[in-house]
Amino acid sequence: MVEFSPARRYVEDAGVVLTGLGLPPAYGKVLGWLLICDPPHATATEIAEATGLSKGSVSTGIRMLESGQLVRRVANPGRRGIAWELSPDAFTRAAESDRFRIFRELMDRGIELLGGERSPLTDRLVFTRDLYAFIERELPGFIERFKTEHAEKMASTQRGEADDRVGHQHREPDQDVRA
């Protein structure tokens, strides 16, 4: 059995998880690498080397992820090739996409095709349509609440780091730092 580094194991796991969400494994691996690589961008060649994918698979994966606005091109000064990084709002953008509306509309068409909501043939379609209508209705508020909480968390973290820096600057050399 091949032993992978923890980073490569993460990439492989990302491929498996995202396959379960409907993405081809290669796209999941590219996305997984872009989530953890340092620096936070990489060329297609670097992604291929890190993930074990062919350059063709990486290139196709990047094109698809870019079309979905999950990754973006970034400057790569002093290095060869175009670099790619995860879009800062990739996952909220994906959640805000039209997928829920499109799927709800598909369920509506199925309900109509089978005789309307009162038809006994449409129970599963009505349930699924109502679920997606609920998600479509609630998701924007959910994402806004997340963005607000996340912004507050980041501001708090930054304040804490600034406090830590100030505390270290004012400490006397022989001061006991135990509380």
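Val58 is in contact (heavy atoms within 4.5 Å) with Val30, Ala44, Ile47, Ala48, Thr51 and Leu53, leaving aside its neighbours within four places in sequence. The model is predicted, so local features need pLDDT of at least 70 and side-chain atom pairs count only at pLDDT 80 or more, while totals for chains, interfaces and linings use all residues. Residues are numbered from 1 along each chain as its sequence is written, and side-chain values use heavy atoms, with hydrogens and water left out.

Val58 also belongs to the largest nonpolar core, which has 23 residues, and is listed with Val30, Leu31, Trp33, Leu34, Ile47 and Leu65 as having the most contacts inside it. Such a core is a set of buried Ala, Val, Leu, Ile, Met, Phe, Trp, Tyr and Cys residues joined through side-chain atoms within 4.5 Å, where buried means under 20% relative accessible area, exposed over 50%, and partly exposed in between (1.4 Å probe, protein chains only). Two or more residues are given to this core by each of α1 (6–20), α2 (25–36), α3 (44–51), α4 (55–67), β3 (83–86) and α5 (90–95), these being DSSP runs numbered from the N terminus, with helices (H or I) of at least four residues and strands (E) of at least two. The largest share, 6 residues, comes from α2.

Helix α1 also holds Tyr10, which is partly exposed, with a relative accessible area of 38%.

Asn76, in the loop between β2 (71–74) and β3, is by contrast buried, with a relative accessible area of 10%. Not counting residues up to four places away in sequence, Asn76 touches His41, Thr43, Gly81, Ile82 and Ala83.
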